[in-house]
Amino acid sequence: MPFLGDLERFAATTLYPWRFAIAALAIAATAGFVALAIRRGWVAAARRHPGRTGALLTVAVVILAPAAWYLGSPLVVRTELQEPPPAAVGAGATAEPSASPTLVSSPDSGAPRPSAPDSTPGATPVATPGATPVVRTGSFSGADEFHFGRGRATLTEARDGSATLRFDEFSVRNGPDLYVYLSPDPAGYAEGAIELGRLRATDGSFNTPIPPGTDVTGAQSVVIWC
């Protein structure tokens with residue numbers, strides 16, 4: 001539902017930074033509305049027509065509840081997954097970092113921002129045993145104040161064509177339908193990004209399978225996109 005996505009993005013980027021002021025205004029407005037309803041006799045009228053009042057409340061709940069859950073669920077729903085890393089490189093194998101060893105990673109919906117390049121790209125490689133890996137790694141950064149993200153992503157591309165994406169000490173703001181993408185743009189999501197399926201957890205250290213035969217040579221960033 002694109003409308004709900006636009007609504008969520010507006011709430012996250014425009015309303016969230018002013019959440020405390022908005023909450024105070026909402027409480028004051030609610031109290032004022034209740035006082036006005038009592039003074040005008042609206043509450044008494046609602047009591048005289050319980051069937052009509054119940055029908056109106058039901059319609060309001062049916063319309064507002066899905067949007068409220070879509071916007072509010074990221075604040076309360078969390079999942080965690082802990083998995084061991086992929087098989088270590090076989091004895092005698094050496095890592096050959098790519099020409100751009102830093103994998104910029106940007107989370108969630110909105111306009112992702114790149115993280116600062118890692119000053120120590122020589123991470124310990126992981127790959128399919130018996131194959132010399134090409135490792136790219138980087139840190140997650142948030143798209144805005146609401147859509148936070150942290151942790152590391154490591155993309156291991158073995159010479160036999162297999163590839164693995166590893167998340168370590170990862171945490172991201174939850175949201176409906178979070179998916180993982182390998183993007184050709186170091187700044188974030190772009191046309192031609194490769195979808196790897198749903199994000200497996202909001203927190204933890206785990207592996208994201210990459211389908212056999214997937215060409216990841218052009219991947220420049222990992223994006224968690226709502």
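Ala37 touches Trp42 and Val43, leaving out residues up to four places away in sequence; contact here means heavy atoms within 4.5 Å. Ala37 sits in helix H2 and, at 7% relative accessibility, counts as buried. Buried means under 20% relative accessible area, exposed means over 50%, and partly exposed lies in between (1.4 Å probe, protein chains only).

A word on the source: this is a predicted model, in which local features need pLDDT of at least 70 and side-chain atom pairs count only at pLDDT 80 or more, while totals for chains, interfaces and linings use all residues. Residues are numbered from 1 along each chain as its sequence is written, and side-chain values use heavy atoms, with hydrogens and water left out.

**The chain as a whole**

- The protein chain has four helices and nine strands; these are DSSP runs numbered from the N terminus, with helices (H or I) of at least four residues and strands (E) of at least two.
- Along the sequence, the pattern reads α-α-α-α-β-β-β-β-β-β-β-β-β.
- The chain holds 226 residues, and 38% of them count as buried.
- Among contacts with a separation of 6 or more, 70% come from residues 24 or more positions apart.

- Which residues form a nonpolar patch on the surface? They are Phe33, Val34, Leu36, Ile38, Trp42 and Val43, with about 550 Å² of accessible area together.
- Patches are made of residues with over 30% relative accessible area and no salt bridge; like charges are joined within 9 Å, and nonpolar side chains (Val, Leu, Ile, Met, Phe, Trp, Tyr) within 5 Å.
- Helix H2 (19-40) and helix H3 (42-48) each supply at least two residues of the patch, and H2 gives the most, with four residues.
- Val34, one of the patch residues, lies in helix H2 and is partly exposed, with a relative accessible area of 42%.

**The largest nonpolar core**

- In soluble globular proteins, nonpolar side chains tend to be buried together.
- The largest nonpolar core has 20 residues, and Leu165, Phe167 and Leu199 touch the most other members.
- S4, S5, S6 and strand S9 (221-225) are the elements that give two or more residues to this core, and S5 gives the most, with five residues.
- A nonpolar core is a set of buried Ala, Val, Leu, Ile, Met, Phe, Trp, Tyr and Cys residues joined through side-chain atoms within 4.5 Å.

**Thr154 and its partners**

- Thr154 lies in strand S4 (residues 149-158) and is buried, because its relative accessibility is 10%.
- The side chains of Thr154 and Thr137 make a polar contact (3.3 Å).
- A polar contact is a pair of N or O atoms within 3.5 Å; within protein, one must be able to donate a hydrogen and the other to accept it, and residues adjacent in sequence count only if both atoms are side-chain atoms.
- Leaving aside neighbours within four places in sequence, Thr154 is in contact with Val135, Arg136, Thr137, Thr164, Leu165 and Arg166.

- Where is Asp177 found? Asp177 belongs to the loop between strand S5 (163-172) and strand S6 (179-183).
- Asp177 is partly exposed, because its relative accessible area is 43%.
- The side chains of Asp177 and Arg198 are joined by a polar contact of 2.9 Å, and the C-alpha atoms of these residues, 21 residues apart along the chain, are separated by 6.9 Å.
- Asp177 also touches Trp225 and Cys226.
- A polar contact of 2.8 Å joins the side chains of Asp203 and Arg78.
- Other residues that Asp203 touches include Thr79, Glu80, Leu81, Phe170 and Ser171.

- Glu169, in strand S5, has a positive phi of about 45° although it is not a glycine.
- Glu169 counts as exposed, because its relative accessibility is 68%.

Terms used: Areas by Shrake-Rupley, 256 points an atom, 1.4 Å probe, with all protein chains shown as cover. Salt bridge = Lys/Arg side-chain N within 4 Å of Asp/Glu carboxyl O.
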